[in-house]
Amino acid sequence: MTNIIYNQFKAQLAAGTYKWAPAPNPANGSGRLMFALMKTAADNMDDTVLSDVLSGKDYDDGSYTRPTLDSVAVVNDTTSNHAELDAYDEVVTIAADGSESVVGIVVYVNPTGSAADDACHPVCYMNVANFKGNGSDVTFVWNGEGLMKLV
């Protein structure tokens, strides 16, 4: 489950600038929700652009392509009184060089589908079990109650 939900995303969600499903940018159907691997944990929930989050922390072995989150959905949990923002689990292939460890991922909005990191907005950050690439696929399995909860 999420460690950080970025303040700017919460504000943009409330203002209607972004939404979670079916596409993140109501004004532009080509927007995507994606994630990047990180070699150092994120620590500032006030970061407003992806390039700030990733500055010196981006996992970059050159072998993986940042995945797009598929089948994003909102689940209204009336029993527990929260909304769950979810997506399908994702599979990423990471090189076998083992030079850097992956310690977390940052989910972000790519508003046009081809934006540079300084035009993308961070959504949330979550720690993952520290691991190094070995050339095989890594499956990111999200929490049963979604990537994050809005309470």
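User: Hi! Where does Ser71 sit?
Analyst: Ser71 is in the loop between helix H2 (50-54) and strand S3 (73-77). Helices (H or I, at least four residues) and strands (E, at least two) are DSSP runs, numbered from the N terminus. This is a predicted model, where local features need pLDDT of at least 70, side-chain atom pairs count only at pLDDT 80 or more, and totals for chains, interfaces and linings use all residues. Residues are numbered from 1 along each chain as its sequence is written, and side-chain values use heavy atoms, with hydrogens and water left out.

User: Thanks! What is the phi of Ser71?
Analyst: Ser71 has a positive phi of about 50°, although this residue is not a glycine. Ser71 is also partly exposed, at a relative accessible area of 39%. Buried means under 20% relative accessible area, exposed over 50%, and partly exposed in between (1.4 Å probe, protein chains only).

User: And Asn81, where is that one?
Analyst: Asn81 is in the loop between S3 and strand S4 (82-86). Asn81 has a positive phi of about 60° and is not a glycine either. With a relative accessible area of 62%, Asn81 is exposed.

User: In what sense do S3 and S4 pair?
Analyst: They pair in the antiparallel sense, over five bridges; two strands pair if DSSP finds at least two bridges between them. The bridge partner of Asp77 is His82, in S4.

User: New topic: which residues touch the most other members of the largest nonpolar core?
Analyst: Of its 43 residues, those are Trp20, Phe35, Leu37, Leu69, Val123, Phe140 and Trp142. Such a core is a set of buried Ala, Val, Leu, Ile, Met, Phe, Trp, Tyr and Cys residues joined through side-chain atoms within 4.5 Å.

User: Which strand gives the largest share of this core?
Analyst: That is S6, with seven residues.

User: How are the rings of Phe35 and Phe140 arranged?
Analyst: Their centres are 5.4 Å apart and their planes are at 75°, so the pair is edge-to-face. Rings of Phe, Tyr and Trp (its six-membered ring) pair if their centres lie within 6.5 Å; planes under 30 degrees apart count as stacked, over 60 as edge-to-face and the rest as tilted. Phe35 lies in strand S2 and Phe140 in strand S8, so the pair ties together parts 105 residues apart in sequence.

User: Are those two buried or exposed?
Analyst: Phe35 and Phe140 are both buried.

User: Which residues form the aromatic cluster?
Analyst: Phe35, Phe131, Phe140 and Trp142 form one cluster.
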